[in-house]
Amino acid sequence: SYLALENSPIFQNMLRPSIQDSLPPLQNLKVYEMGFGTGFFLKMLLNKGLLSYTGLDLSLEMVSYLRHYVG
């Protein structure tokens, strides 16, 4: 599942820091993401100060999950 992968040790200890460190500052930028899934990248993007976020996912389950998660 998406959550099992996102919460796995290899993902948390290797991939997350690598991706997070490679992102530039995003202040005053708008981000568009296709296939947001559990919102893994959104969590990192929000920490970089982006101005707005628009996501698209074909899975209604993921849309509902992200709406609940982000509020």
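Is Ile19 buried, partly exposed or exposed, judged by its relative accessible area? Ile19 is partly exposed, because its relative accessible area is 23%, where buried means under 20%, exposed means over 50%, and partly exposed lies in between (1.4 Å probe, protein chains only).

## Basis of the report

This is a predicted model, in which local features need a pLDDT of at least 70 and side-chain atom pairs count only at pLDDT 80 or more, while totals for chains, interfaces and linings use all residues. Residues are numbered from 1 along each chain as its sequence is written, and side-chain values use heavy atoms, with hydrogens and water left out.

## The chain as a whole

The secondary structure comprises 4 helices and 2 strands, and from the N terminus on these elements follow the order α-α-β-α-β-α. Helices (H or I, at least four residues) and strands (E, at least two) are DSSP runs, numbered from the N terminus. Taken along the principal axes, the C-alpha atoms fill a box of roughly 30 × 25 × 20 Å.

The chain has 71 residues, of which 31% count as buried. Its accessible surface comes to about 5,100 Å², with 62% of this belonging to carbon and sulfur atoms; such areas come from the Shrake-Rupley method with a 1.4 Å probe, and for residues only the protein chains shown count as cover. Among contacts (heavy atoms within 4.5 Å) with a separation of 6 or more, 40% are accounted for by residues 24 or more positions apart.

Helix 2 covers residues 9-22, which makes 14 residues, and reaches 20 Å from its first C-alpha to its last, close to the 20 Å expected at 1.5 Å a residue; the expected span is 1.5 Å times one less than the number of residues. A kink of about 35° lies at Leu15, shortly before the proline Pro17, the bend being the angle between axes fitted to the seven residues ending at a residue and the seven starting there.

Ile19 also has its place in helix 2. Leaving aside its neighbours within four places in sequence, Ile19 is in contact with Phe40, Phe41 and Met44, whereas the C-alpha atoms of Ile19 and Leu5, 14 residues apart along the chain, are separated by 15 Å.

Asn28 is found in the loop between helix 2 and strand 1 (30-34). Although Asn28 is not a glycine, it has a positive phi of about 65°. Most residues other than glycine have a negative phi. Asn28 counts as exposed, because its relative accessibility is 62%.
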